[in-house]
Amino acid sequence: MNPVTAPPAEPGGASGAAPSRHAPDPLPVPQDAVDRIVAAALAEDAPWGDLTSELLVRRDAQATAVLTAREAGVFCGTQVIEAAFRLVSPQTAVNFRVRDGEPFEAGGVLAEISGPARAVLTAERVALNLAQRLSGIATLTAAFAARAAGTSARITDTRKTTPGLRILERHAVRCGGGHNHRFSLSDAVMAKDNHLALLADGGQDMARALAEARARLPHTVHFEVEVDRLDQIEAALAGGADTVLLDNFSPEDLRRGVELVAGRALTEASGNVTLATVAQIAATGVDLISAGALTHSVRALDLGLDLV
């Protein structure tokens, strides 16, 4: 923590370098889930206490710090920051100047924290680690959503999330104006290439096998089928697909795939989705674009916690 003499300027709106906001306030994460994740992180970081702070900082010392943005972005992290300081000391107060899903400028103050100095120092790293990663996801998602603006395509995440952090990272995607895919393997049927290969190895007809599987499902369960060739689309539809996932298709084949589905199911594009390709993919008319890059290789945003 580098001491500063005064807080930097207030965060600005959507002008300048900060991305614009794309969605209304996202639903919060259940607080018990947030507390469980943050408590595990604190136990990992200070299993027997913060030796340095306990040695050098008086027990009765108080401190005030500001969370500052060292680059522009979209914020996500109110719940994890609040939980980190509260779980270390209920006497710590956090006053946020931005909400989840709001853009901010470089140099802006995002929150003020005050309370026992030992607690502020002990919770600092866990709060920053989580908020930096979540804000990085929100910022990247906002960039993807901006490139798909003006089309019918929704940007969605995938299951390529950090183990144990999925519920937080999916919230961050929503903060950036994106949408969520199935949360887990238990939530929906998604017949991927490996499943279909095993059906073929067993000599089963794809359409018939899918239809028989669909018939065993409750009507509330979504049924998605991945195809990697145009000639598989009719079999997927005959098997009862609610969504046809067009995997690693060229833009030209994506357009043709959308035409072949002809509104009989949702269409989803996946594979080779980057900031450089997403606008072209969105222009093909697909309903959904799923991008693992939103969560699996995102760069943490540069935020800092500075004592006033």
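## The largest pocket

The largest pocket is lined by 22 residues, of which T158, K160, K192, S270 and S290 lie nearest its centre. A pocket here is an open set of points on a 1 Å grid over the protein atoms alone, where a 1.4 Å probe fits and protein stands on both sides within 12 Å along at least five of seven lines, and a lining residue has an atom within 4 Å of a point. The model is predicted, so that local features need pLDDT of at least 70 and side-chain atom pairs count only at pLDDT 80 or more, whereas totals for chains, interfaces and linings use all residues. Residues are numbered from 1 along each chain as its sequence is written, and side-chain values use heavy atoms, with hydrogens and water left out.

The volume of the largest pocket is about 400 Å³, a volume being the space filled by probe spheres set on the grid points, which are joined across faces, edges and corners. Its lining comprises 5 nonpolar, 9 polar and 8 charged residues, where Ala, Val, Leu, Ile, Met, Phe, Trp, Tyr, Cys and Pro count as nonpolar, Asp, Glu, Lys and Arg as charged, and the others, Gly among them, as polar. At least two lining residues come from each of β9 (243–247), β10 and α11 (293–296); helices (H or I, at least four residues) and strands (E, at least two) are DSSP runs numbered from the N terminus.

## The second largest pocket

The second largest pocket holds about 200 Å³ of space, and of the 14 residues that line it, H181, R182, H222, E224 and L288 lie nearest its centre. Strands β6 and β10 each contribute at least two residues to this lining, which by class has 4 nonpolar, 6 polar and 4 charged residues.

## The parallel sheet

An open sheet of 6 strands runs in the order β6-β11-β10-β9-β8-β7 with parallel pairing, two strands being paired if DSSP finds at least two bridges between them. The edges are formed by β6 (154–156) and β7 (189–191), each of which has a single partner strand, so one side of each is left without a neighbour in the sheet. From one strand to the next the twist averages 25°, with axes taken as lines fitted to C-alpha atoms, for helices over the stretch in contact, and angles running from 0 to 180 degrees between N-to-C directions.

Within this sheet, β10 (residues 266–270) and β11 (residues 288–290) are joined in the parallel sense by 3 bridges, and E268 stands opposite L288 in β11. Helix α7 (residues 206–215) lies across β7 and β8 (223–227), and runs at about 160° to β8.

## The antiparallel sheet

A sheet of 4 strands, also open, has the order β3-β5-β1-β12 with antiparallel pairing. Here β3 and β12 (303–307) stand at the edges with a single partner strand each, so one side of each lacks a neighbour in the sheet. The twist averages 20° from one strand to the next. Helix α3 (residues 78–88) packs on the sheet and touches β1, β3, β5 and β12, its direction making about 160° with that of β3; contact means heavy atoms within 4.5 Å.

Strand β5 (residues 109–116) is largely enclosed by the rest of the structure, because 6 of its 8 residues are buried, that is, under 20% relative accessible area with a 1.4 Å probe and protein chains only. Strand β1 (residues 62–69) pairs with β5 over 7 bridges and with β12 over 5 bridges, and A65 stands opposite I113 in β5 and opposite L307 in β12. Strand β3 (residues 93–96) is joined to β5 by 4 bridges, with N95 opposite E112.

Terms used
Buried < 20%, exposed > 50% of the residue type's maximum accessible area, 1.4 Å probe, protein only.
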